Amino acid sequence: MTSENQKPLLPLRDIVIFPSTVVPLFVGRKKSIKALEEVMKTDKSIVLVAQKNPEVDDPKEEDIYSYGCLGKILQLLKLPDGTVKVLVEGLERVKINSVKKEEKKYLNCEIQIVSSTGDSQESKTLASNLIKKFEKLSNLSKKEASDFAKNLKSLTSTSHIADNISSNLNIQLFEKQHLLEIFDLTKRLEKIYEIIEKETSVITMEKKIRGRVKNQMEKTQREYYLNEQLKAIQKELGEIEEGKDEVSSLSNSILKAKMTKEAQTKCLSELKKLKSMSPMSAEATVVRNYLDWMVELPWHIKDKKLENIDLLAAKKILDEDHFGLEKIKERILEYLAVQKRVGKMKGAILCLVGPPGVGKTSLGKSIARSTGRKFVRMSLGGIRDEAEIRGHRRTYIGSLPGKIIQQMKKAGTKNPLFLLDEIDKVGTDYRGDPSSALLEALDPEQNIAFNDHYLEVDYDLSDVMFVTTANTLNILPPLLDRLEVIRIPGYTEDEKINIANNYLIPKQLKNNGLKNDEWNLDQPVLKDIIRSYTKESGVRNLEREISKLARKTVKNILTKEDGDKVISSKNLSKFLGVKKFNYGEKESDNKVGIVTGLAWTEHGGEILKIESAIMPGKGKMQITGKLGDVMQESVKAAKSYVRSKSLEFGIIPPIFEKKDFHVHVPEGATPKDGPSAGIAMVTSIISSITGIPVDRNIAMTGEVTLRGHVLQIGGLKEKLLAAHRAGIPKVLIPEDNKKDLVEIPKDILDKIQISTVKTVDEVLKLALTKELKPVEWIEVENIPKTKNNEKPTAGSTH
Ligand SMILES: Nc1ncnc2c1ncn2[C@@H]1O[C@H](COP(=O)(O)OP(=O)(O)OP(=O)(O)O)[C@@H](O)[C@H]1O
Ligand SMILES: [Mg+2]
């Protein structure tokens, strides 16, 4: 810091001038021009300071930085538009102590010269390194800087080198100002070093990225070019005919498919996208698959108009395929008749409910045949994922439409018969609720616009005839609400024999290539097969056994074995192996505590043995046999009922505290549930307490209340069929179920004697082999103590 001085000031909008650099400036502001004119009259030196904000037109002291550069005007040129071009040379760093406004209106300031400090050997080395770095940077950024670099090398003062480089750096104004304000040379050089380093790495990175992008571009262009060439070669070879390339053939198919407007627009826009894609790319495959699906879906093709259904022919076909099932066929015909009149599929959807093997699925097929519709089937068993029904969005790799749309494509027409098998087996979990998608498909109000995630456009399902099947009525309530349930309860023995003779045997003979005269079956054999080799409501096992017989017969014929020609009751076991079941499950004699109940499961009706035993203990109750909650409660209710009425049944109450009770329902591996074994439980408990045996010829079903009333039960037909299969001659049913007897086949009513009961008393009267004798029981207070201080047994429950 050497001298103080008064000098005119030239504010600079966008440049910082460093000592030892020569810079041209354009000066336009009147005040600045005045300042220049002023200094030209004197020693031509002027203070050059940067403005903090370049936008300020008339800067004051606070608008300029407080450090600047003292400069000398080397040249001044007045341009015709009134502005002035000057060439200035920076001389020294100066500190601006104060700024004054002159009368002549330019700024005048008082300055103090600041010289650089810290010039040492270290700074010299740093400076020469810096020159190399800067050269490298200039080469990288491809600036015409070779002259400048040469000049740099000719400079001897370290401070000048630093300032020259600073002035040439590509950095912001405030950063340059910062460099101007570092007086310590080493520090300034280090700062510059840091800036250059940063700049170099940025430029290198940019270069790398640019290179990569370029490569990518070249690759795509190359692929495009090669593909075009490939096309040209294929055309030359005649593999693609003119105008019949992929895009135009797709666009033809789109138009031919006669889609809905929405679908067509969507397809055409996808096709447009496909055109601009490289044909081998993954995206193009996705779009192509999508278009293939859309084009192949039946959008307008319909089979035979609904109004043309011939009801008589339909009835004939139904009869041809299935024996009996009169009511069900009748209901189906009603349904078809309405369709014929209305011409549209409105109204509830048929749901065939029944045990396995009763012909639900095959009835569905038969309905399709009788109405001339295509038949498609989808099993809902185990479907837990909504996407299986509604499809995945196309963004997923390998996505496909849902099963409904897949089956529609398979059907190839808009109005097939669509069988939704096992609708009671749809489940719900975290992957969404498939039943909600089903609801949309089944609801005639909504299915005009069924939404599949993959297709993205609506598809009209309103012409489809949906038929559903289920084993139980455990169907989700909103689904069940849309269904019209038709029950197929199971077949009687006579019906099964008829089905076997007229349907199963001819079918199996044909399947196994047997001629009629090669098949010799004694008629009574069928009954034996049904009784000893099957135990079912339907006829699937029966069909399997018949098929086994047919198979063995064919084998005997072909191997020319001298096997039996006629299948009779005597040699049946040679064909089918040992008997699988014992016909007639009633007990060999009347037993205490064992009662035959009747149950209804998804396999149809079944016999349920209920056993109870009492043993010395403390009044504990044990229930075994894998019973469900409801059945366990029903055992407890039965016990409470017996206890509350014990005197009427001839039971002396203390027994309930002195004995343990055990109720068991054998075949412990199969789960059992439901309240309908109530009266059987009561009977069993009373029998085991009183020791009176139960009539083995009686089976019973009915729920029991705590007051001893017998309540209505479900599945009467199935239960009676089960009793019939087991060869039980007498069945007790609730009085309220009397109305259901009209539905029971006559041959069952002929073979089983049915008694209706209203109260437990009636049950006991019929089921126990001896009458119960009530006991009289009088509560006496203050029972006198006996000599040995023992309570009399009768008083101990008090
Ligand atoms: N009434 C009948 N007349 C002729 N054949 C019958 C009859 N009932 C069932 N069948 C035959 O029994 C076999 C089994 O029927 P199907 O497969 O339709 O049973 P399902 O009720 O669908 O059983 P699941 O509940 O196990 O699916 C079929 O071959 C069918 O032709
Ligand atoms: Mg089925």
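Biologist: What makes helix H15 count as mostly covered?

Modeller: This is a predicted model, and in it eight of the nine residues of H15, which runs over residues 434-442, are buried. The buried ones are Pro434, Ser435, Ala437, Leu438, Leu439, Glu440, Ala441 and Leu442.

Biologist: OK, on to the rings. How many aromatic pairs are there in the whole structure?

Modeller: A search turns up six. In one pair, the rings of Phe418 and Phe466 have centres 5.4 Å apart and planes at 35°.

Biologist: Why is the pair of Phe418 and Phe466 called tilted?

Modeller: Set the values against the cut-offs. Centres have to lie within 6.5 Å for rings to pair, and these are 5.4 Å apart. Planes under 30 degrees apart would be stacked and over 60 edge-to-face; the planes here are at 35°, so the pair is tilted.

Biologist: And what makes you say that the pair links distant parts of the chain?

Modeller: Phe418 belongs to strand E9 (residues 417-421) and Phe466 to strand E12 (residues 465-470), with the two 48 residues apart.

Biologist: How do you know whether Phe418 is buried or exposed?

Modeller: Buried means under 20% relative accessible area. Phe418 has 0%, so Phe418 is buried.

Biologist: Which way does Phe466 go, buried or exposed?

Modeller: Phe466 comes out at 3% relative accessibility, so Phe466 counts as buried too.

Biologist: What makes Lys409 a charge over the ring of Trp293?

Modeller: The distance part of the test asks for NZ of Lys or CZ of Arg within 6 Å of the ring centre. The charged end of Lys409 sits over the Trp293 ring, 4.0 Å from its centre. Arg394 does likewise over the face of Tyr290, at 3.9 Å from the ring centre.

Biologist: Now ligand 1. What makes the Arg540 approach a polar contact?

Modeller: The cut-off for a pair of N or O atoms is 3.5 Å. A polar side-chain atom of Arg540 lies 2.8 Å from an oxygen atom of ligand 1, so that pair is within the limit. Backbone N or O atoms get there as well: one of Gly357 is 2.9 Å from a ligand oxygen, and one of Gly359 is 3.1 Å from a ligand oxygen. Taken alone, ligand 1 exposes 640 Å², and the protein buries 89% of that.

Biologist: Which residues come nearest to ligand 1?

Modeller: Lys360, Thr361, Ser362, Lys507 and Arg540, out of the 20 around it. Helices H12 (360-371), H17 (493-511) and H19 (540-558) each give the shell at least two residues.

Biologist: What is the shell like by class?

Modeller: Eight nonpolar, six polar and six charged residues.

Definitions and conventions: Residues numbered from 1 in each chain as written. Chains lettered and ligands numbered in written order. Predicted model: local features only at pLDDT ≥ 70, side-chain atom pairs only at ≥ 80, totals over all residues. Heavy atoms only, no water. Buried < 20%, exposed > 50% of the residue type's maximum accessible area, 1.4 Å probe, protein only. Helix = DSSP H or I, 4+ residues; strand = E, 2+ residues; numbered from the N terminus. Lys NZ or Arg CZ within 6 Å of the ring centre and 35° of its normal. Near = heavy atom within 4 Å. Polar contact = N/O pair within 3.5 Å; in protein donor to acceptor, adjacent residues only side chain to side chain. Areas by Shrake-Rupley, 256 points an atom, 1.4 Å probe, with all protein chains shown as cover. Nonpolar A, V, L, I, M, F, W, Y, C, P; charged D, E, K, R; others polar.
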